Amino acid sequence: MIIGIDIGSTTTKAVSLDGGRVIHKTKTKASDAVSSAAGAFGKMIVEHDIRMANIREIIITGVGAAKIKNDLFGIPTVMVDEISSIGIGGMFLAGRDNIIITNIGTGTAIIDARRDNISHMGGSGVGGGTILGLAKKLLLMSDFNGIMELAQQGKLNQVDLLLEDIMETDLSFLGRQSTASNFGKMLDSARNEDIALGLINMVYQVIGMLSIFAAKSRNIDRVVVTGNGSNNPLGKKILEGLTKIFRILFEHPEDAEYTTAIGAGLSWERKT
Ligand SMILES: Nc1ncnc2c1ncn2[C@@H]1O[C@H](COP(=O)(O)OP(=O)(O)OP(=O)(O)O)[C@@H](O)[C@H]1O
Ligand SMILES: [Mg+2]
């Protein structure tokens with residue numbers, strides 16, 4: 001058995017793999033790198049009653065991985081590159097290669113993943129951390145699920161300047177309900193619900209458009225979305241809105257939040 005651990009900026013994810021299959025998954029909040037890696041590993045061992053003797057190697061990746069200098073618990077521990085891990089994990093979950101992956105974590109990375117070459121195209125500091133950080137000041141809220149529930153009740157036309165606010169007709173391929181300026185209207189009557197929705201809308205529209213440009217530049221018509229930001233119902237809806245306009249599909253594979261950890265674990269099988 002191989003354990004893949006992804007020590008991200010916000011959460012640490014751990015998976016166990018055997019024969020190229022994902023067996024167990026677990027998540028913890030990332031504190032310092034060593035505690036969260038040890039914590040995620042310990043949680044997985046205890047929750048699933050895994051025997052230490054069955055673990056051949058621990059593969060670590062993510063922003064915190066460089067802080068771990070020694071083997072964990074006497075098990076051979078190696079560090080692998082995060083971008084390659086996202087690429088390998090993304091191709092595994094998508095079930096094919098030659099894909100564009102948009103990993104929405106605390107920040108966002110866009111990756112061109114081919115069977116024999118994985119490259120980092122770029123990305124944006126706009127990501128899940130932007131939602132949490134701005135919500136903390138604007139809404140005085142820190143609970144992610146609470147922010148999402150609030151946003152479900154929001155009205156975008158209270159905060160965003162829409163094309164219908166400034167034009168009588170559509171603008172080329174954009175309908176009148178499209179955002180002309182995120183937060184460009186911001187009525188005094190806007191409620192927290194509306195601000196929460198405006199925030200999520202802004203983050204997913206920015207990420208969605210960057211992904212669409214990336215896909216178009218490679219003549220690919222779909223984007224595989226990974227990271228904790230993948231399976232967000234509101235985020236998915238906003239990306240679907242972009243699909244209607246730009247004809248680029250967004251895929252949200254199951255276990256998308258474990259992509260990087262899965263890719264790290266699988267990179268062991270690639271080298272052997
Ligand atoms: N229950 C939750 N608790 C905290 N954050 C959550 C939760 N659900 C979704 N999120 C979102 O997920 C983001 C973190 O995603 P993820 O775990 O993929 O990032 P990471 O790997 O820690 O960061 P990065 O890859 O950028 O270093 C948070 O910023 C938040 O927006
Ligand atoms: Mg990550």
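# Notebook: a buried aspartate, salt bridges, rings and pockets

I started at Asp112, which is buried at a relative accessible area of 3%. For my own record, buried means under 20% relative accessible area, exposed over 50% and partly exposed in between, with a 1.4 Å probe and protein chains only. This is a predicted model, where local features need pLDDT of at least 70, side-chain atom pairs count only at pLDDT 80 or more, and totals for chains, interfaces and linings use all residues. Residues are numbered from 1 along each chain as its sequence is written, chains are lettered from A and ligands numbered from 1 in the order in which they are written, and side-chain values use heavy atoms, with hydrogens and water left out.

**Salt bridges**

Which side chain does Asp112 meet in a salt bridge? I found Arg218, at 2.6 Å from N to O. A salt bridge here is a side-chain nitrogen of Lys or Arg within 4 Å of a carboxyl oxygen of Asp or Glu. Asp112 sits in strand S7 and Arg218 in the loop between H6 and strand S11 (222–226), so this pair links distant parts of the chain, 106 residues apart. Helices (H or I, at least four residues) and strands (E, at least two) are DSSP runs, numbered from the N terminus. Arg218 is partly exposed, with a relative accessible area of 32%.

I then looked up how many salt bridges the structure holds, and the count is eleven. Lys185 pairs with Asp165, their closest N and O atoms being 3.1 Å apart. Lys185 is in the loop between S10 and H6 and Asp165 is in helix H5, so that pair ties together parts 20 residues apart in sequence. Both partners are partly exposed: Lys185 has a relative accessible area of 26% and Asp165 one of 33%.

Asp194 bridges to Arg191, with the closest N and O atoms 2.9 Å apart. Asp194 counts as buried at 1% relative accessibility, whereas Arg191 counts as partly exposed at 35%. I also noted a network of salt bridges that links Arg96, Asp221, Arg222 and Glu251.

**Aromatic pairs**

Next I checked the rings and got two aromatic pairs. Rings of Phe, Tyr and Trp (its six-membered ring) pair if their centres lie within 6.5 Å; planes under 30 degrees apart count as stacked, over 60 as edge-to-face and the rest as tilted.

Phe41 and Phe73 have ring centres 5.0 Å apart and planes at 15 degrees, so I logged the pair as stacked. Phe41 belongs to helix H1 (residues 33–48) and Phe73 to the loop between strand S4 (57–61) and strand S5 (77–79), so the pair ties together parts 32 residues apart in sequence. Phe41 is buried at 2% relative accessibility, while Phe73 is partly exposed at 46%.

For Phe173 and Phe246 the ring centres are 5.4 Å apart and the planes at 75 degrees, so this pair is edge-to-face. Phe173 lies in the loop between helix H5 (163–166) and strand S10 (179–181) and Phe246 in helix H7, so the pair ties together parts 73 residues apart in sequence. Phe173 counts as exposed at 52% relative accessibility, and Phe246 as buried at 16%.

**Domains and pockets**

The chain divides into domain 1 (2–79) and domain 2 (96–254), with bounds from an automatic or database domain assignment. Their centres, taken over C-alpha atoms, are 30 Å apart.

Where does the largest pocket lie? Domain 1 and domain 2 both give residues to its lining, so I place it between them. Its volume is about 850 Å³. On a 1 Å grid over the protein atoms alone, a cavity is a set of points where a 1.4 Å probe fits but cannot get out, and a pocket is an open set with protein on both sides within 12 Å along at least five of seven lines; lining residues have an atom within 4 Å of a point. Grid points are joined across faces, edges and corners, and a volume is the space filled by probe spheres set on the points.

The largest pocket has 38 lining residues, and the closest to its centre are Thr10, Thr11, Gly105, Thr106 and Asn228. H3 gives the largest share of that lining, four residues. By class I have 13 nonpolar, 19 polar and six charged residues there. Ala, Val, Leu, Ile, Met, Phe, Trp, Tyr, Cys and Pro count as nonpolar, Asp, Glu, Lys and Arg as charged, and the others, Gly among them, as polar.

The second largest pocket has a volume of about 550 Å³. Its lining has 20 residues, with Ser178, Thr179, Asn201, Gln205 and Ile238 nearest the centre. H7 gives the largest share of this lining, seven residues.
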